[in-house]
Amino acid sequence: QVQLVESGGGLVQAGGSLRLSCTASGRTLVLLDMGWFRQAPGKEREFVARISRSGSSIEYADSVKGRFTISRDNANNTAFLRMNGLKPEDTAVYYCAAAWLTTTVTRRADYWGQGTQVTVSS
C-alpha cells in the first residue's frame with residue numbers, strides 16, 4: 001500500500017506563507033497523480049490543486065489561483081503546496097491525495113494523507 005505523510009501545517013498571520021509537503025512511501029511517486037484538498041469546519045471537503053505524473057498538467061481551484069503553487073519532486077518522492085498570501089478563509093485541514101496509474105485525484109483518489117492543520121489568523 002502507498003502511504004502519504006504530510007507536514008508543514010501550522011499557525012500563520014494573514015498575508016503569510018506556508019509550504020506543505022507530502023511524501024509517498026516507496027519509490028512510486030512518478031506513478032501517482034498528486035493533489036491537495038482541504039476541509040474547513042462545517043464545510044465539505046473541497047479540491048485545492050492537482051499535478052500530473054510528469055508535472056505537465058496542473059489545476060487549481062479558483063479560490064487559490066495566483067496564491068498557491070503545487071509542485072513535485074519525483075526523485076525524492078515528495079509533492080509540495082506553496083501557499084502565499086494566506087487568508088483566514090484558507091483555514092482548514094489540508095489533505096494530500098494520490099491516484100494510482102492512469103486515473104486522477106479529481107476523478108478518484110486512491111490514497112489519502114492524515115491531514116495537516118493550517119490556521120490563518122486575522
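## Salt bridges

In this predicted model, Asp62 is exposed, with a relative accessible area of 64%, and Lys65 is partly exposed at 49%. These two residues form a salt bridge whose closest N and O atoms are 3.1 Å apart, one of seven salt bridges that a search of the whole structure finds.

Arg67 and Asp90, by contrast, are both buried, and they too form a salt bridge, with the closest N and O atoms 2.7 Å apart. This pair links distant parts of the chain, since Arg67 lies in the loop between β6 (58-60) and β7 while Asp90 lies in the loop between β8 and β9, 23 residues apart. Arg67 and Asp90 also belong to a network of salt bridges that includes Arg38 and Glu46. A further salt bridge joins the side chains of Arg108 and Asp110, at 1.7 Å from N to O; here Asp110 is partly exposed, with a relative accessible area of 27%, as is Arg108 at 44%.

## Nonpolar core

The largest nonpolar core has 30 residues, and those with the most contacts inside it are Leu4, Met34, Trp36, Leu81, Met83 and Tyr94. Among the elements that give two or more residues to this core are β4 (32-39), β5 (46-51) and β9 (92-100).

## Pairing around β4

Seven of the eight residues of β4 are buried, leaving this strand mostly covered. β4 pairs with β9 in the antiparallel sense over eight bridges, with Leu32 standing opposite Trp100 in β9. β4 also pairs in the antiparallel sense with β5, over five bridges, and there Met34 stands opposite Ile51. β4 and β5 form a hairpin with six residues between them, and Gly42 in the turn has a positive phi of about 80°.

Note on methods
Residues are numbered from 1 along each chain as its sequence is written. This is a predicted model: local features need pLDDT of at least 70, side-chain atom pairs count only at pLDDT 80 or more; totals for chains, interfaces and linings use all residues. Side-chain values use heavy atoms; hydrogens and water are left out. A nonpolar core is a set of buried Ala, Val, Leu, Ile, Met, Phe, Trp, Tyr and Cys residues joined through side-chain atoms within 4.5 Å. Buried means under 20% relative accessible area, exposed over 50%, partly exposed in between (1.4 Å probe, protein chains only). Helices (H or I, at least four residues) and strands (E, at least two) are DSSP runs, numbered from the N terminus. Two strands pair if DSSP finds at least two bridges between them. A salt bridge is a side-chain nitrogen of Lys or Arg within 4 Å of a carboxyl oxygen of Asp or Glu.
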